[in-house]
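Student: I have just opened this one and I'm new to it. Could you walk me through it?

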Amino acid sequence: MNRVLIVEDERHLADGLRFNLEAEGYQVGVVETGEAALELLLAESPAIDVVILDVMLPGKDGFTVMSEMRHAGNFIPTLMLTARGHPDDVLKGFEAGADDYLTKPFELDILIARIRGLLRRREWLYAAMNNTNNAPASHTTAPVEPKDAFTFGDKSVHFDLLELRVGGQKFPLTLMEANVLRYLIQHEGKPVSRKMMLEQVWGLHEDTDTRAIDNFIVRLRRYIEDDPTRPRHLLTVRGVGYRFVASPAQAS
Amino acid sequence: MVVAGRRKSIAFFIALGAGLISVIILLYVGWVLLNWRSGILLFLGVMLLATIISGVILNTIFLVREIRRNEQHDAFINAVTHELKTPVASIRLFLETLQTRAVDETKRKEFYHAMLDESDRLLASIEQILRTGRVGAAAHKLNLSPINLGVVVEECLTRARTLHHVSPESLAYHPGPSATIMGDLDEVRAAVANLIDNAVKYSGGDVKVTVETAQVDGKYVALRVSDHGVGIPKTELKHIFKRFYRVPGQFATRVKGIGLGLYIVRSVAKRHGGRAWAESEGPGRGSTFVLQLPIVK
């Protein structure tokens with residue numbers, strides 16, 4: 001079941017949205033402030049598939065929430081839903097990192113269609129990332145689930161389950177964490193630049209802030225390294241980026 | 001972004017003005033030191049220079065004021081857009097829902113209730129905007145009649161208790177001796193209602209509002225509305241009565257509004273020969289608003 005987070009301080013509007021999205025079969029959560037939204041969204045692995053974000057919120061406004069989310073490396077599809085329809089505002093929303101922008105008052109069907117669109121895009125991306133042969137995208141919206149996994153030492157990454165197993169323990173991975181790890185594993189032993197990762201994993205071709213990548217690496221090290229301060233698998237290549245080594249003993 | 005840009009341009013114009021003035025003064029002092037003999041020319045020059053300098057100062061002041069006004073105007077447009085469009089969005093959403101989905105009886109009632117709430121809010125915003133136009137226009141004549149202020153206050157309190165769902169204890173009234181004023185009933189009622197609504201709105205979750213009327217020197221009747229809410233910084237006490245003005249920062253954005261309520265209160269007070277002001281010990285310490293109007297014997 002897809003999970004939708006509504007960030008809206010207008011109680012009636014939030015109630016109406018919740019009722020309709022639940023009727024469409026989504027699991028719905030509502031928060032009233034930007035701060036509360038960020039707390040949820042920036043948690044380790046937020047259980048949210050799509051966000052509906054208002055702009056005029058008490059405290060931190062929607063634009064701020066949006067850009068803080070993206071800067072922290074959270075790429076959950078987000079639709080900004082606001083009364084502010086001036087072209088400057090729309091542009092500001094997209095600049096902050098919104099995937100879609102809809103002005104109030106809106107038509108219910110259009111809103112639902114757009115949310116479906118965002119989720120569909122996400123599933124296609126997921127399918128493409130899982131499909132290692134890079135076969136042409138299938139014409140169904142169902143995610144392709146190849147049973148792929150990679151084992152190194154006592155650890156194994158299960159890309160299909162978004163899961164990392166260390167010994168008997170299981171750690172959930174977010175989609176982006178899994179994608180970053182997959183990319184590094186595909187280039188095992190070779191240094192991978194941050195720019196390459198941005199282009200290949202995030203699909204970005206501009207000079208975006210690369211700190212997001214470093215944050216991912218820090219998180220991944222926490223999972224796969226016995227001592228994250230002295231990494232043996234996920235090595236930093238000074239001035240370039242990172243290198244993944246499956247069996248450190250052989251490599252050295 | 002727009003606001004930051006404006007701040008920069010204000011700073012730029014102030015710096016430019018100050019820079020130009022100091023260059024002129026420097027040039028002039030130098031010139032006087034070199035050519036102090038030319039007496040008449042000197043006198044004329046002083047006059048001309050004084051004119052130029054005051055011109056530059058005035059220009060800078062007006063420019064800065066204009067930029068500030070634009071800033072407030074933008075904030076006002078945003079607030080009005082929000083206050084008008086949001087209720088329509090809610091009502092529309094509920095209507096579409098009722099039209100397209102199977103809704104059970106309880107939910108249906110809930111939706112009707114929500115739509116009524118939202119249409120009340122929309123109407124209140126529209127009235128506030130239209131009233132601003134009327135009280136601001138000197139040409140708009142007052143429809144004067146003798147009014148018992150106590151009765152108007154009672155009316156407004158009853159309305160506010162129902163509208164905001166608060167008990168008579170939370171929104172208490174201590175009437176003073178009965179006082180009659182000469183005024184436009186519609187305008188006086190709007191001013192009183194605005195003060196009471198504000199007190200409830202800015203109280204946060206815990207509404208403890210006291211409304212009192214009392215005579216002042218036998219000439220005036222003062223309506224005092226006190227709350228234990230967010231309070232007002234001392235420096236903002238004067239500004240809050242200005243049109244479109246909202247206290248900047250997180251403080252006011254927690255409560256939605258268009259920035260017209262207190263402007264209406266002050267305009268109505270002035271039009272009736274009275275005055276309105278605010279008192280507060282500072283943020284977090286509540287505030288008291290006073291509306292003072294002349295009594296007729």
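**Walking through the two chains**

Tutor: Let us begin with chain B, where residues 24 or more positions apart account for 75% of the contacts with a separation of 6 or more. Please keep in mind throughout that this is a predicted model.

Student: OK, how many helices and strands does chain B have?

Tutor: Chain B has 7 helices and 7 strands, and from the N terminus on its elements run α-α-α-β-α-β-β-α-β-β-α-α-β-β. Of its 297 residues, 27% count as buried.

Student: Which residues of chain B have a positive phi without being glycine?

Tutor: B:His165 is one of them, with phi near 55°, and B:Phe244 is another, with phi near 70°. B:His165 sits in the loop between helix H4 (149-164) and strand E2 (171-174) of chain B, while B:Phe244 is found in the loop between strand E5 (220-227) and helix H6 (250-253) of that chain.

Student: And is B:His165 buried or exposed?

Tutor: B:His165 is exposed, because 9 other C-beta atoms lie within 10 Å, and a residue counts as exposed at 12 or fewer. B:Phe244 has 19 C-beta neighbours inside 10 Å and therefore counts as partly exposed, since 20 or more would be needed for a buried residue.

Student: Switching topic: how many residues of chain A are in contact with chain B?

Tutor: On the chain A side there are 17 residues, in contact with 21 residues of chain B. Helix H1 (residues 11-23) of chain A gives the most to that side, with 7 residues, and the residues of chain A that touch chain B divide into 9 nonpolar, 4 polar and 4 charged.

Student: Now the sheets in chain A. What is the strand order in the one with 5 strands?

Tutor: The order of that open sheet is E2-E1-E3-E4-E5 in chain A, and the pairing is parallel. Strand E2 (27-31) and strand E5 (100-103) of chain A each have a single partner strand, so one side of each is left without a neighbour in the sheet. From one strand to the next, the twist averages 20°.

Student: How many bridges join E4(A) to E5(A)?

Tutor: Strand E4 (residues 78-82) of chain A runs parallel to E5(A) and is joined to it by 4 bridges, and within this pair A:Met80 stands opposite A:Tyr101 in E5(A).

Student: Can you take me through the pairs in it?

Tutor: E10(A) and E12(A) are joined by 3 bridges, with A:Arg243 in E12(A) as the bridge partner of A:Pro191. The hairpin of E11(A) and E12(A) has 3 residues between the strands, and in it A:Gly239 takes a positive phi near 80°.

Student: Last topic: at what angle do H6(A) and H8(A) cross?

Tutor: The axes of helix H6 (residues 175-186) and helix H8 (residues 211-224) of chain A come within 10 Å and cross at roughly 85°, which makes H6(A) roughly perpendicular to H8(A). A:Met176, A:Glu177, A:Val180 and A:Leu181 in H6(A) meet A:Phe216, A:Arg219 and A:Leu220 in H8(A), and by class this contact has 5 nonpolar, no polar and 2 charged residues.

Student: Which residues of H6(A) are buried?

Tutor: They are A:Glu177, A:Ala178, A:Asn179, A:Val180, A:Leu181 and A:Leu184. As for the length of H6(A), its 12 residues should span 16 Å at 1.5 Å a residue, and its end C-alpha atoms are 16 Å apart, which agrees.

Definitions and conventions. Residues numbered from 1 in each chain as written. Chains lettered and ligands numbered in written order. Predicted model: local features only at pLDDT ≥ 70, side-chain atom pairs only at ≥ 80, totals over all residues. Axes fitted to C-alpha atoms, helices over the stretch in contact; angles between N-to-C directions. Helix = DSSP H or I, 4+ residues; strand = E, 2+ residues; numbered from the N terminus. Parallel < 35°, antiparallel > 145°, perpendicular 65-115°, else oblique. Contact = placed C-beta atoms within 7 Å. Nonpolar A, V, L, I, M, F, W, Y, C, P; charged D, E, K, R; others polar. Pairing = 2+ DSSP bridges. Expected span 1.5 Å × (residues − 1).
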